[in-house]
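Student: I would like to go through this model term by term. Could we start with the strands?

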Amino acid sequence: MKLSFNKYKNLLSIYLKNSKWLMAGLAVIMTGSIIIQLMNPQIVSWFIDGIGAGKPTKMLIAAAAIFIAAAFGQQLLDIVATYLSQNIGWSTTNQLRLDLVRHCLGLDMTYFKEHQSGEIVERIDGDVTALFNFFSKLLVSFLNNILLMAGIILLLIIKNITVGLTFTVFIILALIVIFKTQGKAVENYKNNREITAKFYGFLGEHIASTEDIRANGAGNYIMNRFYALLQKWLPLRVTANLSGYKIWITLVGVYGIGNVMIFALGGYLWYTNQITIGTVYLMINYMQLIERPLEQLKEQLQDIQKASASIIRIEEMLQMKSKLEVVNQESIKNEAVSLQINKVCFEYEENSPVLKDVSFELPMGKILGILGHTGCGKTTLARLIVRFYDPVSGEIRLNNVSLKSIAQRDLRDIIAYVTQDVQLFHASVRDNITFFNNKIEDEVILKTIYEMGLGDWYENLGEGLNTILKPGGGMSSGEAQLLTLVRVFLKNPKLVILDEASSRLDPVTEKLVDRAFEKLLLGRSCIIIAHRLGTVQKADNIMILEQGRVLEYGVREKLLEDSQSKLSELMKYGIEEVLV
Amino acid sequence: MESTMNQKEKENKGKEAKIHVLKLFWKMMTYKPGLYLINCILWALIHVEPLILGLIFKQFFNILNHNRTFTFDLIGIVAITLAYAAGRMINIYSGARIDTRHRFIMSALLRRNMFEGILKKPGASSIPCSSGEALNCFRDDVETIENSISWTLDIIGNIMFVIVALVIMLSINVNITLLVFTPLVLVVGIVQLLSSKLKKYRTDAREATGMVTGAMGEIFGAVQAIKVAGEEDNVIQYLNVLNKKRHKMMLKDTLLSQTLDSIFYNTVSLGTGFILLLAAGLMKNGDMTIGDLSLFIYYLSFISDFTSFFGWFIANNRQAKVSFSRIAKFVKNGLPEETVKHNPVPLNPKGLMEEEDLSVDTDKISNLERIEVNNLGYCYEASENGIHDVSFHMEKDSFTVITGRIGSGKSTLLKALIGLLPPQSGSIKWNGESIDKPEEFFVAPHCAYTPQIPNLISDSVKNNILFGLSEKSVDLEEAIHSAVLEQDLKGFDDGLDTLIGPKGMKLSGGQIQRVAVARMFVRNPQLMVFDDISSALDVETENKLWSRLFEKRKATCLVVSNRRSALKQADQIIVMKDGRIYAKGKLEDLLESCDEMQAIWGG
């Protein structure tokens, strides 16, 4: 508990800083509401004693009228309080959501390799929404309840010291019992949330694979896996829910003791003439009044429990650091860049090296073609150059400046990386091209599209740049690839890496794009990764990778002259393919 | 065919507007009637029990008021109070256990039916929204309905409480009792007035939430592209805009429900005030005791809780209606009844189905001799794109290649043919017999398919290939060899048992593609459909794959490709342009006569 309270404090101080005035307003409103709540039972108590004392009916009726008016006032205050607390809650949690997304985007790719996107979303939105209750309800109600209980104790002590002290002892004992009941609840909630996240991860993954499942007739198999997951989930959910109910059950016991206390103490004090019957009623009324805080405290505890499970996971997420080292930063101002790769080794998992001792140099403005079988490490090499990962050993330099010393932002501006994986947003064509960068003007985008020779394609879009792309909306993967290419053209990078970039294009479109590429590559350094020979015809240098090692590296023409070279051999093979 | 489809769609749209929530609830309650009944009894008891406590209070004041000396009745009251508390604790524990189980079963049924519905829809248009939104429906909408069902128990318990309380109160004082119930009627009236607004706000809030989670899902799906573009800030800005919208919508929604809650809650204070007004005269005359007053005020708080709960229940049911209409999108024909259909949800391992045995099925099917496609058409809703009027036929064991530029409709043609897109117009004949439900017919062992970008699931390589088939009934090794996967497998740590996906090993694009091909081969289908498998494969591997396929070619193949290696193998080439067949024939002829073919073949 202690641990998580500290964490709440950290989060609160960071995220509530901007809502100071709103919180002050909230405090004023809450105080008013509490005063009314404390006053009303006193009116009823006065009313009962008034009847015994034979007060005039007029006064009794006036008391009833005040009672009604006060009740209305309190409700009004509650609505205003909700407005304020909701506002605070949403602005703070939205900020937290953004911060988490930003933080995650800053992590290196290892994180995304290990977590499905559905799972990350469930963590960010699901956990933060659980935290929302913590922000919006806890602040209002928790304080409200504490103050209400304090007020009750104070008023009872003024009325009769014995009653006041007994209530104090009762409340303290009740709270101790309730807090003790919390037990393993945090762990149970965590387990339940974890399997919940797993369940939605499963759903997300399979909803994305319906084509595969459907066409292979694997529906029943997948349903089986679905049931198996449900079977694992049920006992965890029952355990988690029961730990929530435990507090209610405890409260029932506590109320029972409380009532017994009133019956015994109230009876005794009444028989010994120390209190009026109105005060006995006041005891019952106040006991009922603290039932609500105790009961809400139960809900708040559940929220705290849920929230602490969430907080622990959010903290875990925030503490996850990018594995990429940051060193003092230098900037690269040159127009063109050269690339130096020195004895680079890399592995995704220990003891299964993907790249082994790769070294080469790409001079400024030259085009390098990398050839190799699928799985030879071509793509991994590209990922290292754009610094999704850092090499296990060895070094990569741009213009002889180590990648580690180049600011991430600069690096993104310098390098463009085009892959065959294209993901589209449910947003307009414009936003898919610019990634929501609204500083890029439409004319510039259109100019680029026409320069690339994609005019025909563009004119077929229903509403031009405003066309909204929908999942399954009939955009072919080739067309989707075109969007990414437009993106790169807009960016004006200094080093371009094309990783099978045009593999999904048909030969006609590919030719169009190739022409555009020629323009793009002019004066820039470029790496073209391919498993097809045709793709690297424009390359100045050629590297052939095999099982993570450089098999051959050199100037293309020289390699071709050498009949012993692997490239010449491959060319023969390629030509053969054409001749068969 | 086209007209009947439209009619069906219209019917569905008509039905969408009409959702009988109570009927659907009934269907859910009767899914596990025994469990529901026990649950109901336990919760009715939990709700009725406070009546006893009210009577205890009344008795307590009566004892105090009668004489100012101690009596043993007071000890009796204390004993009864203790017994009451102990019994209630046991009751709540058992109620909680049963209800959690029942709740779980209720949402499991809905989720099961939704999930099955998605799996049974044409694969390429299985969900009508982003997957983030779909997950939202699985989570929040199902939860709303689950609450509704569980709350029916509370409603039943509350009604029982109110009836008994009413009888007790009427026997004390008729006038005051009636006065207490007046605000209740008022409250229900106000709820009715505001509920349509609440419904609208709720829908808006849900939609805004869906947009946020949907966008987050897309952002993390495209994380690589975003990182490379260095546009993290803009993407977050975009998310911020969606966040703000959600904030606004949620605020509206919560404020209105808080106002409603406030009105409900106020009934107790209002009622207490009224009771005091009337009681002033009665108690002075001695027509009403303090015990009676305490009982009235005590019951009133419960009755007011009931009115507030009742209003809440009604509001949640309206919300449940929205939820039903949203989850109905995922099931067969979009019918809400399908979401609550009494399908089995096995909750212990015994209930799981056996792995499938292919050999059983093969005898039953008619061996493929000829497939005819007549005037096949499909048009995407969102755009003008699609295919029109496509007709061709394939003979047994022939190799047909569909070629064309991007956006020419190649993949759409494949998907429409094998039922991954819902049929719109045209017909498909298998050995001369018309196939009405291609989505059910074109699965193994009739047909199998490798998508252009295959998806694998987080599981072992073996399970991804078998995908539900029993290992004994198939030739796994042969399929792996044919798919040119054997070398890769040797490199994997655990061979076939290597886990893949986010928690396991990451496969390269080409490896994924070949696992998918193996998945197809292992099914030994009569018709094999490849959607441009070569895009992730190098020349050597692709050549190997084709040659291994032709070595033992028993199957009819339909292939989308622009690669020469595939085109040269073709018995028939179909050239697509702008969604129509532009030319059809043998390679040599097409190269001579067809400009489009020449352009694709290149120089």
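Tutor: Strand S4 (residues 393-398) of chain A and S5(A) pair in the antiparallel sense over two bridges. This is a predicted model, where local features need pLDDT of at least 70, side-chain atom pairs count only at pLDDT 80 or more, and totals for chains, interfaces and linings use all residues. Residues are numbered from 1 along each chain as its sequence is written, and chains are lettered from A and ligands numbered from 1 in the order in which they are written.

Student: What makes S4(A) and S5(A) a pair?

Tutor: Two strands pair if DSSP finds at least two bridges between them. S4(A) and S5(A) have two bridges, so they pair. In S5(A), A:Ser402 is the bridge partner of A:Arg397. Strands themselves are DSSP runs (E, at least two residues), as are helices (H or I, at least four), numbered from the N terminus.

Student: Which strands stand at the edges of that sheet in chain A, and why?

Tutor: The open sheet has four strands in the order S2-S1-S4-S5 (chain A), with antiparallel pairing. Strand S2 (353-362) and strand S5 (401-402) of chain A each have a single partner strand, so one side of each is left without a neighbour in the sheet. Helix H11 (residues 378-385) of chain A packs on the sheet and touches strand S1 (339-347), S2 and S4 of chain A. The direction of H11(A) makes about 65° with that of S2(A). Contact here puts the C-beta atoms of two residues, placed from the backbone, within 7 Å.

Student: Why are H6(A) and H9(A) called roughly antiparallel?

Tutor: The axes of helix H6 (residues 161-181) and helix H9 (residues 219-271) of chain A cross at roughly 165° and come within 10 Å. Axes are lines fitted to C-alpha atoms, for helices over the stretch in contact, and angles run from 0 to 180 degrees between N-to-C directions. Angles under 35 degrees count as roughly parallel, over 145 as roughly antiparallel, 65 to 115 as roughly perpendicular and the rest as oblique. That makes H6(A) roughly antiparallel to H9(A). Residues in this contact include A:Phe170 and A:Val177 of H6(A) and A:Leu251 and A:Met261 of H9(A). They divide into eleven nonpolar, five polar and one charged. Ala, Val, Leu, Ile, Met, Phe, Trp, Tyr, Cys and Pro count as nonpolar, Asp, Glu, Lys and Arg as charged, and the others, Gly among them, as polar.

Student: What is the relation of H2(B) to H6(B), and why?

Tutor: Helix H2 (residues 21-29) and helix H6 (residues 131-172) of chain B pack at an angle of about 80°, with their axes 11 Å apart. They are therefore roughly perpendicular to each other. B:Phe25, B:Met28 and B:Met29 in H2(B) meet B:Ser148, B:Ile149 and B:Thr152 in H6(B). By class, this contact has four nonpolar, two polar and no charged residues.

Student: Which strands are at the edges of the six-strand sheet in chain B?

Tutor: Its order is S6-S7-S8-S3-S9-S10 (chain B), and the pairing is mixed. Strand S6 (447-450) and strand S10 (580-585) of chain B are the edge strands, since each pairs on one side only. Inside the order, strand S3 (residues 399-404) and strand S9 (residues 572-577) of chain B pair in the parallel sense over five bridges. B:Gln572 in S9(B) is the bridge partner of B:Thr400. Helix H18 (residues 509-521) of chain B lies across S6 and S7 of chain B, at about 180° to S6(B).

Student: How many bridges join S1(B) to S2(B)?

Tutor: Strand S1 (residues 370-379) and strand S2 (residues 386-395) of chain B pair in the antiparallel sense over seven bridges. B:Val373 stands opposite B:Phe392 in S2(B). S1(B) also pairs with strand S4 (residues 425-430) of chain B, antiparallel, over five bridges.

Student: Where is confidence lowest in chain B?

Tutor: In helix H1 (residues 2-17) of chain B, at a mean pLDDT of 43; pLDDT is the predictor's confidence in each residue, from 0 to 100. Over residues 1-17 of chain B the pLDDT is below 50. Where pLDDT is low, the predicted coordinates should not be read in detail. Chain B averages 84, and 92% of the residues score at least 70.
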